[in-house]
Amino acid sequence: MLKSELREKILKVRKKFNNLKNDLGNIGENKLLLITSVQIMDEYFETKKKVEQKKTDLKDLSNKFRELKSLVYDYRDKKEEEMKRLSRDHEVFKKEIEKNKEDYEKIIEAAADEIENFVEKANLENPVQ
């Protein structure tokens with residue numbers, strides 16, 4: 001401990017001692033020192049209690065942060081899976097549309113061929129006079 005810190009602490013103890021001496025009168029140096037010591041210990045334990053409460057608060061906050069972080073990562077993972085699924089569905093839908101287009105073109109082509117054959121047959125059976 002540095003000398004300046006020690007001096008500061010001695011000054012605080014003296015100040016408490018003198019305040020008690022002024023408040024209680026001259027009841028004896030030993031009694032004043034004992035009361036000063038008790039007050040300092042009381043302050044120490046109050047401060048210790050506050051520090052412990054702050055540690056607990058910090059631990060709770062840290063746990064809440066971890067929980068929030070976990071929720072964020074879970075949300076992100078779910079959204080990434082959803083995007084992959086949508087992408088796969090999109091590809092399937094795209095292939096289905098392409099297949100339907102090809103099938104439609106085949107149907108149109110077959111229908112055109114049938115109409116052409118029908119017209120040719122009709123022209124052969126009923127030649128134009």
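Glu8 is partly exposed, with 46% relative accessible area. Here, buried means under 20% relative accessible area, exposed means over 50%, and partly exposed lies in between, for a 1.4 Å probe and protein chains only. The model is predicted: local features need pLDDT of at least 70, side-chain atom pairs count only at pLDDT 80 or more, and totals for chains, interfaces and linings use all residues. Residues are numbered from 1 along each chain as its sequence is written, and side-chain values use heavy atoms, with hydrogens and water left out.

Glu8 pairs with Lys12. Their side chains meet in a salt bridge, 3.8 Å from N to O. A salt bridge is defined as a side-chain nitrogen of Lys or Arg within 4 Å of a carboxyl oxygen of Asp or Glu. Side chains of opposite charge can pair when their charged atoms come close. Both Lys12 and Glu8 lie in helix H1 (residues 3-24), four residues apart, or about one turn of the helix. Lys12 counts as exposed, at 54% relative accessibility.

The secondary structure comprises two helices and zero strands. Helices (H or I, at least four residues) and strands (E, at least two) are DSSP runs, numbered from the N terminus. Helix H2 covers residues 29-125. Ser37 is placed in helix H2. Its relative accessible area is 37%, so Ser37 is partly exposed. Ser37 is 21 residues from Lys16 in sequence, and their C-alpha atoms are 9.4 Å apart in space.

The overall dimensions were examined next. The C-alpha trace spans about 150 × 25 × 20 Å along its principal axes. The radius of gyration is 47 Å, whereas a compact globule of 129 residues would have one near 14 Å. This radius is taken over C-alpha atoms, and the globule rule is 2.2 Å times the number of residues to the power 0.38. Leu2 and Asn126 are 124 residues apart along the chain, and their C-alpha atoms are separated by 125 Å. Leu2 is found in the segment before H1. Leu2 is exposed, with 54% relative accessible area.

Of the 129 residues, 3% count as buried. The accessible surface comes to about 12,500 Å², and 58% of it belongs to carbon and sulfur atoms. Accessible areas come from the Shrake-Rupley method with a 1.4 Å probe; for residues, only the protein chains shown count as cover.

The structure holds 10 salt bridges. Arg76 forms one of them with Asp77, with the closest N and O atoms 3.0 Å apart. Arg76 is partly exposed at 40% relative accessible area. Asp77 also counts as partly exposed, at 36% relative accessibility. Salt bridges link Arg76, Asp77 and Glu80 in a network. Elsewhere, the side chains of Asp89 and Arg85 meet in a salt bridge of 3.3 Å, N to O. Asp89 and Arg85 both lie in helix H2, four residues apart, about one turn of the helix. Asp89 has a relative accessible area of 39% and is therefore partly exposed. Arg85 is partly exposed as well, with a relative accessible area of 38%.

The protein carries 30 positive and 29 negative charges, and their mean positions are 21 Å apart. Lys and Arg count as positive and Asp and Glu as negative; His and the chain ends are not counted. The place of a charge is taken as NZ of Lys, CZ of Arg, CG of Asp or CD of Glu.

Patches are made of residues with over 30% relative accessible area and no salt bridge; like charges are joined within 9 Å, and nonpolar side chains (Val, Leu, Ile, Met, Phe, Trp, Tyr) within 5 Å. Glu98, Glu102, Glu105, Glu109, Asp113, Glu114, Glu116 and Glu120 form a negative surface patch. Of these residues, Glu116 is placed in helix H2. Glu116 is partly exposed, with 47% relative accessible area. Leu68, Leu71, Val72 and Tyr73 make a nonpolar surface patch of about 380 Å². Leu71 lies in helix H2.
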